Amino acid sequence: ILQGWLVCCLAHSWVVHGFQPQPQNSFFPLTSVPFLKEPNPNLQRASVVSVASSMTPSDQDNEVLETLPQKSLVRVEKFARFPVWPAWNGAFIWLTSRILGNTVASQLEDKITGRVCPNFFESTAETSPFLLLVHHCHSFAIGDVGRYIQKRLIAPEGFPSHPHRGFVTLTYFLQGGFRHRDSMGVEQYYGAKRQQKDFPHSQWLNTGAGLLHEEMFDLGPPPLVNGLEQSKQKPATYAWTDREFWWQRHELYQIWINLPANEKLGSPS
């Protein structure tokens, strides 16, 4: 039934949209990122005032924040969403977007997952200090045969050892988690998994002069004590009665933040 539906979606897409060449980066549904330019001195400025009744007299001295300049919109850039983990879900979402539109496809992505959207900013002068923003939405099911084929022949479930230098990464999980290891000898589990209430929810990683690290999706039971170097206390597997034994959902955002030139050769932390 699923194969028949996919064939019908593809055929309908060809009939409706034809074989006309698509604009650059339009093969997959897109996400938009607005770019802002420096404030115009002629624009009206806004101030922010805090009125918390519980504030102490000393706090009230700082209740009016500094004036914040408004910024005008320069342009909107769109970035492709790619199918992965599981790739077949992402391909199905793409076919759905061609027939029912990107709004329905985005709602479907939230339900079945399977796409990643990396926003590589070409003009970093306009986005400084931000270099990249990426959104991941994935799931891993024990009954997904294709998952094991992909893991062994195409790509592991995460990001094996790779280098970074000269910027900070902020990784923030909405659901799921990562197992982090790096060349400084640090091993850390962090994220928003149900059992990780006392563990780091996000990670700030200052790559400084450079380091190697890996980020693999934490698909096993989390450590028992805390998020740091507790792999030995980690149980071997989930019980079959646990929901995570059958299916896990992982969603996160990661931002790359550029470092000032005088901090790029500092020690990683």
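This is a chat about a predicted protein model.

Me: Before we start, what kind of model is this, and how are residues numbered?
Reply: It's a predicted model, where local features need pLDDT of at least 70, side-chain atom pairs count only at pLDDT 80 or more, and totals for chains, interfaces and linings use all residues. Residues are numbered from 1 along each chain as its sequence is written, and side-chain values use heavy atoms, with hydrogens and water left out.

Me: OK, how many helices and strands does the protein chain have?
Reply: Seven helices and 12 strands.

Me: Let's switch to sheets. What's the strand order in the open sheet of four strands?
Reply: The order is E6-E11-E8-E9, and the pairing is antiparallel. Strand E6 (158–164) and strand E9 (187–191) are the edge strands, each pairing on one side only. Two strands pair if DSSP finds at least two bridges between them.

Me: What actually holds strands of a sheet together as pairs?
Reply: Strands pair through backbone hydrogen bonds, either parallel or antiparallel.

Me: How many bridges join E6 to E11?
Reply: Five, and E11 covers residues 211–217. Across from glutamate 215 in E11 you'll find phenylalanine 159.

Me: Is histidine 213 buried or exposed?
Reply: Histidine 213 counts as buried, because its relative accessible area is 1%.

Me: Which side chain does histidine 213 make a polar contact with?
Reply: The side chain of histidine 164, at 3.4 Å. A polar contact is a pair of N or O atoms within 3.5 Å; within protein, one must be able to donate a hydrogen and the other to accept it, and residues adjacent in sequence count only if both atoms are side-chain atoms.

Me: What else does histidine 213 touch?
Reply: Leaving out residues up to four places away in sequence, its contacts include Pro160, Ser161, His180, Asp182 and Leu205. Contact means heavy atoms within 4.5 Å.

Conventions
Helix = DSSP H or I, 4+ residues; strand = E, 2+ residues; numbered from the N terminus. Buried < 20%, exposed > 50% of the residue type's maximum accessible area, 1.4 Å probe, protein only.
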